[in-house]
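Please look through the sequence and the model before reading the notes. The points below are meant to be read with the structure open beside them.

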Amino acid sequence: MISTGLSSGVHLPGSTLGILGSGQLGRMLTLTAKRLGYRVHVFSPQRDTPAGQVADLEITADYTDLDALRRFAQDVDVVTIEFENIPVQALIALQPEVPVYPQPHVLEMTQHRLREKQFLSGLGIPVVPFVPVNNSQELQAGIVQLGLPAVLKTAGFGYDGKGQMRLDTEAQALTAYAAFAGQACLMERFVDLEREISVIAARAEDGTFQAYRPVENRHRNHILDYTLAPAQLAETMEAHAIQMTQRIMEALNMRGLLCVEFFITRQGDLLVNELAPRPHNSGHYTIEAAVCDQFEQQLRVVCGLPLGDPSLRQPAAMANLLGDLWAKGEPDWQAALSLSSVYLHLYGKGEARPGRKMGHLTTLGSSVEAAFQLAQQARECLSH
Ligand code: AMP
């Protein structure tokens, strides 16, 4: 560890960044931090991880191992996260030893869907109508209040459509609730979606705020499939989404990076679906297409450096590469790489399971449509 000698929460290049979590978001953050001259230690329960492969040090220990956390804290200057489902207690345990951004209260809020929705509605931010479900009476009451179809979600530990089920009938509701085996849940009205968009923004200690323009997200089986940047939206809708993001970050008084996922309904309403206080899959395109990408922005905000310029240089699209692509053997990398303006990212994961995020492709174009077409073409040629 090289001390910067600065006590005001600024950690200059040469300092050591600690990351809790070691997946692809941590890998891309680590690669950025290395480019800027930082050392990086990652902490997670796994070995030979996407982030661990490129970091200076990979610590393999459980998030509840207080001794391991203390040792980790001693050797780093500042800590951030790349994965949302880290026990808040781990962040709280680190805090007396080392600064942690985002702050633990932000993680506590955003890793629990019900708390998050209650917080947002308390702020007057529009969300999908929901009710808490803790027993079968509340389940029945929810069906009466919201009507069917609806969606039942576990309150904690959910992402990429995990921990949620669509309910079309009362019988399905009972089966779904039984499958969640007594976990705290919430029921949401099923929304007729026109589109899904997201905004990623950074907020510094002094309240300085920088947002990337909204992007459009297309999902398949509840997992992000394509991101189109920028989303083709009316200027007022774009401004509104960014204003809501800023309000949420101010209300949380957070220092860090936040992704806000929105639903746009067929009636044209903008509703917040979910918050993630970290870089996001829908921001991967920024590596090639923005002046300062989301990983550098996270590094800057966590290290107290001036925030970067989030402007888009060029329209872009991102296509996720899931494990399914390996069904017929190794994808045809040469075919995709023979196309110009196609950028391949692979995360170093050994086993290509269906639905597992193995990598992504970013494409640039003279228009969003052109970039999107190229992304479709590039991904298609991988499976030939
Ligand atoms: P989530 O894990 O809550 O972000 O949900 C994953 C995806 O499921 C969302 O991006 C939507 O495509 C879909 N979804 C979730 N909740 C609803 C809802 N209440 N109505 C319609 N679609 C939903």
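The numbered points that follow take up sheets, helices, cysteines and single residues in turn.

1. The model discussed here is a predicted one, in which local features need pLDDT of at least 70 and side-chain atom pairs count only at pLDDT 80 or more, while totals for chains, interfaces and linings use all residues. Residues are numbered from 1 along each chain as its sequence is written, and side-chain values use heavy atoms, with hydrogens and water left out.

2. Four strands make an open sheet with parallel pairing, in the order E3-E2-E1-E4. Strand E3 (57-60) and strand E4 (78-81) are at the edges with a single partner strand each, so one side of each has no neighbour in the sheet. From one strand to the next the twist averages 25°. Helices (H or I, at least four residues) and strands (E, at least two) are DSSP runs numbered from the N terminus, and two strands pair if DSSP finds at least two bridges between them.

3. Within this sheet, strand E1 (residues 16-20) is joined to strand E2 (residues 39-44) by five bridges in the parallel sense, and Leu-20 has Phe-43 as its bridge partner in E2. Helix H10 (residues 294-302) lies across E1 and E4 and runs at about 140° to E4. For such angles, axes are lines fitted to C-alpha atoms, for helices over the stretch in contact, and the angles run from 0 to 180 degrees between N-to-C directions.

4. Strand E9 (residues 193-203) is mostly covered, since nine of its 11 residues are buried, where buried means under 20% relative accessible area, exposed over 50%, and partly exposed in between (1.4 Å probe, protein chains only). E9 pairs in the antiparallel sense with strand E13 (residues 256-265) over 10 bridges, and Ile-197 has Phe-262 as its bridge partner in E13. Two bridges also join E9 to strand E11 (residues 215-220), again in an antiparallel arrangement, with Ser-198 opposite Val-215.

5. Which strand forms a hairpin with E9? The hairpin is formed by E9 and E10, with five residues between them, and Gly-207 in the turn has a positive phi of about 90°. Strand E10 (residues 209-211) pairs with E9 in the antiparallel sense over three bridges, and Ala-201 stands opposite Ala-211 in E10.

6. The axes of helix H6 (residues 136-146) and helix H7 (residues 170-179) come within 11 Å and cross at roughly 145°. In H6, Ser-136, Leu-139, Gln-140 and Ile-143 meet Glu-170, Ala-173, Leu-174 and Tyr-177 in H7, contact being heavy atoms within 4.5 Å. Sorted by class, the contact of H6 with H7 has five nonpolar, two polar and one charged residues; Ala, Val, Leu, Ile, Met, Phe, Trp, Tyr, Cys and Pro count as nonpolar, Asp, Glu, Lys and Arg as charged, and the others, Gly among them, as polar.

7. How many disulfides does a search of the whole structure find? The search finds zero, a disulfide being a pair of cysteine sulfur atoms within 2.5 Å. The sulfur of Cys-259 has its closest cysteine sulfur in Cys-292, 16 Å away and too far for a bond, and the sulfur of Cys-303 is 12 Å from its closest cysteine sulfur, also in Cys-292 and too far for a bond. Cys-259 is buried at 1% relative accessibility, and Cys-303 is buried at 0%.

8. Pro-104, in helix H4 (residues 104-110), is buried at 6% relative accessibility. Leaving aside neighbours within four places in sequence, Pro-104 is in contact with Val-88, Leu-91, Ile-92 and Gln-95.

9. Asp-48, in the loop between E2 and E3, is exposed, with a relative accessible area of 56%. The C-alpha atoms of Asp-48 and Gly-350 are 9.2 Å apart in space, although these residues are 302 residues apart in sequence.

10. Most residues other than glycine have a negative phi, and most peptide bonds are trans. The peptide bond from Tyr-101 to Pro-102 is cis, with omega near 5°, and the bond from Leu-148 to Pro-149 is cis, with omega near 0°. Ala-181 has a positive phi of about 40° and is exposed at 62% relative accessibility, whereas His-222, with phi near 70°, is partly exposed at 49%.
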